Amino acid sequence: MKPDLRVKLAGVEFANPIMTASGCCGYGEELAQLYPLKRLGALVSKSITREPRLGHPPPRTAETASGMLNAIGLANVGVDRFVAEKLPWLTRQGTRVVVNVAGSTLDEYVTICRRLGEVEGVDMIELNISCPNVDEGGLEFGADPLSTEKAVRAVKEVYSGPVIAKLSPNVTSVTEIAKAAEQGGADVLSLINSLIGTSIDWETWRPRLTNNRGGLTGPAIKPVALAMVNAVSEQTSLPIIGIGGISHATDVVEFMLAGATAVQVGTALFIDPDAPLTIVANLTDYLKRKNLKAVTELVGRVRKY
Ligand code: RRO
């Protein structure tokens, strides 16, 4: 018998626990040229802001040891174009649609989420209170428990669907922020966003990113992410989406044992856009080998010494 890969988050069922991470495949159009998006658990969009944004000038990505730095600077089409041009297509792809929302003021988050609540096809909102690459907003909200709680509560007042709060690792206590998001009414937590980092070209003496600082992602951050997912799962009762360097089915197993119900694959997509499919196939084989009937049997089952 084939193991059951379905997972449920805030009452919404996903075909499997493998989602794309925000910012790693735009609005899904390019990925859909390679395989049907319905093979994913969900497509998570690039962060959407109220106005369109060009982001930082290139170079805005740089390779690092076992990872990648980015300072995209929230480049996106803005909520109006997203709703008019991207969402209708996305809702026809047979996958769950999670829309990542970013803003520089509380009012901006609220405006975007209200608008997304008025249209068909959004399964969940992922609230990006953790972007490290903009001067205003983003991390400003997610670095402080009180503003985290306020932002989540304000969005929950205008948007009736499930809300995921996406947490930053660039904080003193991720568990305090997680508890604040729970207090504000978040339905799900996702973690982690990127870790702040810099890389300098030793020939030109210039930073490799025009923004100088960027966000570190990829396998380099996996142990950090895993520790944070584990800590948060022990301190809150919300379901968790694990993010951070997930490239293989074995990574998914680790994150689920640590307490995640689902995961997002990000940087791995840049190396191999098929990674989510390979992960689904290998996860199925793993569950069979372990005689498990359902992937949910892994969640939070890490053993203690
Ligand atoms: O656009 C970005 O530079 C960016 C965002 Br919004 C984010 O949340 N995390 C990241 O690493 N980059």
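The entries start with the ground rules, then turn to the sheet and the ligand.

I am working with a predicted model, in which local features need pLDDT of at least 70 and side-chain atom pairs count only at pLDDT 80 or more, while totals for chains, interfaces and linings use all residues. Residues are numbered from 1 along each chain as its sequence is written, and side-chain values use heavy atoms, with hydrogens and water left out.

Sheet. I looked up the strand order and found an open sheet of 4 strands, β5-β6-β12-β11, with antiparallel pairing; strands are DSSP runs of E with at least two residues, numbered from the N terminus, and two of them pair if DSSP finds at least two bridges between them. β5 (61-64) and β11 (195-198) each have a single partner strand, so one side of each is left without a neighbour in the sheet. For β6 (residues 67-70) and β12 (residues 213-217) I noted 3 bridges in the antiparallel sense, and Leu69 stands opposite Leu216 in β12.

Ligand. I then listed polar contacts, meaning pairs of N or O atoms within 3.5 Å. The side chain of Lys46 has an N or O atom 2.7 Å from an oxygen atom of the ligand, whereas a polar backbone atom of Gly73 is 2.8 Å from an oxygen atom of the ligand. Asn70 places a polar side-chain atom 2.8 Å from a nitrogen atom of the ligand. On its own the ligand has 320 Å² of accessible area, and the protein covers 93% of that, as computed by the Shrake-Rupley method with a 1.4 Å probe.

Terms used: A polar contact is a pair of N or O atoms within 3.5 Å; within protein, one must be able to donate a hydrogen and the other to accept it, and residues adjacent in sequence count only if both atoms are side-chain atoms.
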